[in-house]
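Biologist: I've got a new model on my screen and I'd like to learn how to read it. Could you walk me through it, feature by feature?

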Amino acid sequence: MRYSLLLLIAVVALSSCGTRKYSKNNKQIEKAANKNNPDIKSYTTLTYIDQFKGVAIEEMNAFGIPASITLAQGILESGSGNSSLAKYANNHFGIKCTSDWKGKGYYKDDDQQNDCFRVYKDARESYKDHSNFLKRKRYSALFELDKNDYKNWALGLKQAGYATNPKYPDLLINVIEKYQLYQYDQSETERQKIIREDRVFTEINANIPKETKKFTPVEVPPSKQVIITDTTSKVKKVETVVVPGSSVQFYTVAKGDTLYNISKRYNLTVEELKALNNLADEGIKIGQKLQVAK
């Protein structure tokens, strides 16, 4: 009983420490956002549409995603640009950090506590990344639709697993029709559609081998997972140490390593790797020995 109580106290303490760390990170992001834009504006849905319809049309013409769909998703995901994620992280579509994301992270509770969301330099970058997010195998059938077919795009996004809410298509369509967002959609000739599909499917096919890496959320952006404190370290190669007479293995951290890529190398999750080494956070340093097998 006493052991369980001590374990519970330790878990609560670690959770509290993690929450403080994420809060401090967010305050830094918010401070930088306020410095870069002292007059962060609040939007009505109409002013939001007017502000971002241009980039939505650009993305539609480039890839075939109806501008009405992109705008409706932005309105729903960002609260018409007024969510903290949109204001401070310029993230209008709730796209999370993944193992290939090199930028900063902003933390909010979502599927899990303190999920990591991407921080963009501006909203335009968020809109462009939304297009890249959709250019993958699971959504590929949608790019065969006409770029003004917003109803089937709305249904297709739900069927492909974009959202868990069964009413998601209705939510999108209602927003589109309430604000007449379909007026920004444009038709295309058969030849234009073929050229556009060839270009998009070439990109989708090139992405397929990298999709797991590109789209699997991670707890911390790779840019913050490695803390290099020993600049004179002579460790230049990967080193795995096997303890004689035991199955225990240790790995010596090299330049460029992250908990994520080490865990994948040894078929572990990041959380398992942290547990093996009693790590409270994601900080590792060159030359540090990590246990990678029991």
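Predicted model: local features only at pLDDT ≥ 70, side-chain atom pairs only at ≥ 80, totals over all residues.

Biologist: Fine. How many helices and strands are there in the protein?

Modeller: Helices (H or I, at least four residues) and strands (E, at least two) are DSSP runs, numbered from the N terminus. Here you get 11 helices and five strands.

Biologist: And what share of the residues counts as buried?

Modeller: Buried means under 20% relative accessible area, exposed means over 50%, and partly exposed is in between, using a 1.4 Å probe and protein chains only. Of the 294 residues, 44% count as buried. The protein exposes about 16,500 Å², and carbon and sulfur atoms supply 52% of that; the areas come from the Shrake-Rupley method with a 1.4 Å probe, and for residues only the protein chains shown count as cover.

Biologist: What about contacts between residues at least 6 apart in sequence: what percentage of them join residues at least 24 apart?

Modeller: A contact means heavy atoms within 4.5 Å. Of the contacts you describe, 64% join residues at least 24 apart.

Biologist: Now the core. Which residues have the most contacts inside the largest one?

Modeller: A nonpolar core is a set of buried Ala, Val, Leu, Ile, Met, Phe, Trp, Tyr and Cys residues joined through side-chain atoms within 4.5 Å. The largest has 46 residues, and I69, L134, L157, Y162 and L181 have the most contacts inside it. Helices α2 (45–63), α3 (67–78), α5 (123–134), α6 (150–159), α7 (168–178) and α8 (190–207) each supply at least two of its residues. The most comes from α2, with seven.

Biologist: Which residues does L157 touch?

Modeller: Leave out residues up to four places away in sequence, and L157 touches I69, Q73, L134, Y139, L142, Y162, A163 and L172. There is also a second, separate core of 14 residues, with A254, L259, L268 and L279 among them.

Biologist: On to cysteines. Which ones form a disulfide?

Modeller: A disulfide is a covalent bond between the sulfur atoms of two cysteines. The rule here is a pair of cysteine sulfur atoms within 2.5 Å, and by that rule the count comes to one. The pair is C97 and C116, with sulfur atoms 2.1 Å apart. With -60 degrees about the S-S bond, their link is left-handed. It joins distant parts of the chain: C97 is in the loop between α4 (84–89) and β1 (105–108), while C116 is in strand β2 (residues 115–118), 19 residues apart. Both C97 and C116 are buried.

Biologist: How does β2 pair with β1, and how many bridges join them?

Modeller: Two strands pair if DSSP finds at least two bridges between them. β1 and β2 run antiparallel and are joined by four bridges, with Y107 partnered to C116 of β2. Their hairpin has six residues between the strands, and N114 there takes a positive phi near 55 degrees.

Biologist: Which way do the side chains of β2 point?

Modeller: In a regular strand the side chains alternate between the two faces of the sheet. In β2, D115 and F117 point one way, C116 and R118 point the other way, and all are buried.

Biologist: There are charged residues in that list. How many salt bridges does a search of the whole structure find?

Modeller: Side chains of opposite charge can pair when their charged atoms come close. The cut-off is a side-chain nitrogen of Lys or Arg within 4 Å of a carboxyl oxygen of Asp or Glu, and the search finds 12. In one of them, K96 pairs with D115, the closest N and O atoms being 3.0 Å apart. K96 lies in the loop between α4 and β1 and D115 in strand β2, so this pair ties together parts that are 19 residues apart in sequence. K96 is buried at 15% relative accessible area, and D115 is buried at 11%.

Biologist: And what does R118 form with D129?

Modeller: Another salt bridge, with the closest N and O atoms 2.7 Å apart. D129 sits in helix α5 and R118 in strand β2, 11 residues apart.

Methods. Residues numbered from 1 in each chain as written. Heavy atoms only, no water.
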